[in-house]
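Student: I have not looked at this one before. Can you walk me through a few parts of it?
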Amino acid sequence: MTMSWQEFLKDISSKHGLSLDETKTLLVRLPEEDKTLSEKEVIEELHITVSTVGARMTSIYAKFQKSCTGLDKWEGLGKFRFLHNFLREQFQGGLSPLLLSPYPDDFKSIIKDKNEKFVGRQFVFDKIDKFISKETKGYFTVIGDAGMGKTALAAKLIFDHEYPCYFNIRAEGRNRPDQFLTSIREQLIARYQLQNVAMDDLPTLLEKVSQKLTTGKSLIIVVDALDEVEQEPGDNLLYLPTTLPDGVYFVLTRRPYILKKKRLLVSPGVPYQELDLRDEEYMKLSQIDIKDYIRLFFQDPEHQGNLQKWIQKCNITEEVFVELVAVKSQNNFMYLRYVLPAIARGKYDDLELRELPDGLEEYYQKHWERMGMEKEPQKMMVIMLFILVEIGTPIPCEMIAKIAEQDEAEVGKVLDEWFEYLTVLDIQGEICYSIYHASFLDFLQRKRELKATRKLFDEVNGRIVDYLRKFRQRRKENGGSI
């Protein structure tokens, strides 16, 4: 009779000397072979404190350390993932070549979100496939303006092929070389069972993986948004190597830049190819995909009814709507992601089709004006958005309220008004907010140049400095913790 996952965990826990409470904690945190619960969920399930969970997990790691080689080199969530992978391997009776999930937990939501309404772009995938089949190694870069679907392309590649990946997200402060290397190292360790590589740089890691690749196999790493990387000038972005071992490829995405600002240089022997979505031949193909994307919304139960009402009010057909909105979008998927749901929610009931904004930049500006953001009564709304811009990383509603010196409930209402522009994250059990897309972040940052809001930036920065000063003072008074 085959042993179940939970029976296996009980057995291996007993063999490693775990106490009953430690065993119970492990069983709750790993309810299924491919499912894990966070520490917060374990706390709620077992009705215990944060410190109790931490103490039990520390003891569990100590008792598995001898048999789970390399566990002592990990910390935090990485340590838990490493142990989980070890337990899966033991349960399966052999080595597992892949991560517990094919991609990191940090990027699951963005991959899921970008794949839900993905359409077309076969011409891009064909070019990538041709490059990989023709060359023994190399870099392939997809170039496009903000909102042209570069991140969605990356997410689709990763979803379909389970490639190792990294998404640079400036609005969340996840865009530094050290973060990239840590994530890629962790993924490669789990996929290829690398040993003693905790201090290896990227070229060394790639060389070790290359030596493990069997005939016909390759390593393809997808990296999104090189333009959002935060790094001192001088070296290649993310310290990507100028040379690559055979069988290793990078698929990259970025916005355009002028040649003198190029930040990725490769050796003459390393194949390099670019596909610019702005080229005329690709713009025509993208226009077809744009129209198919619009049609998806007429098949979506959440939006189709209200969209039908809107086009009936305008006395046009569905296909005329598709054609005209496609032109308005200027081949920008991000524009459609904002405008189509907004139409369905009635935000443009007072406009004719010809009055819809042209392109992503005009959409941001029109929404800014329609929300009354240039008027004095909206001063606090402006301040709250600028707080998100200046902080630059996801922060909770409570922190925004304290900096803005406003009631938390009122701040929540403002955040709801701008919900479509924000990313909502659960960070250690706390709901945090950041700007959804770099293009909107850029739009807000350009508001610094407007006379009507320039003083507000000074005010926001002053409030942030004051808040952080008080926070550090409270922390000092509480012995280093809040």
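**Helix H9 and beyond**

Tutor: Start with H9, which is mostly covered, with 12 of its 16 residues buried. Keep in mind that this is a predicted model.

Student: Which residues of H9 are the buried ones?

Tutor: They are Pro177, Phe180, Ser183, Ile184, Arg185, Glu186, Gln187, Leu188, Ile189, Ala190, Arg191 and Tyr192.

Student: And how far does H9 reach, first C-alpha to last?

Tutor: H9 covers residues 177-192 and reaches 22 Å, close to the 22 Å expected at 1.5 Å a residue. Just after H9, Gln193 takes a positive phi of about 55 degrees.

Student: New topic, cores. Which residues touch the most other members in the largest nonpolar core?

Tutor: That core has 60 residues, and the ones with the most contacts to other members are Phe167, Phe180, Leu188, Leu206, Leu219, Leu240 and Phe250. Phe180 and Leu188 are also among the buried residues of H9.

Student: What does Leu219 touch?

Tutor: Leaving out residues up to four places away in sequence, Leu219 touches Pro164, Leu188, Tyr192, Leu206, Val209, Leu213, Gly247, Val248 and Tyr249. There is also a second, separate core of 25 residues, including Phe8 and Tyr61.

Technical notes. Residues numbered from 1 in each chain as written. Predicted model: local features only at pLDDT ≥ 70, side-chain atom pairs only at ≥ 80, totals over all residues. Heavy atoms only, no water. Helix = DSSP H or I, 4+ residues; strand = E, 2+ residues; numbered from the N terminus. Expected span 1.5 Å × (residues − 1). Buried < 20%, exposed > 50% of the residue type's maximum accessible area, 1.4 Å probe, protein only. Core = buried A, V, L, I, M, F, W, Y, C linked by side-chain atoms within 4.5 Å. Contact = heavy atoms within 4.5 Å.
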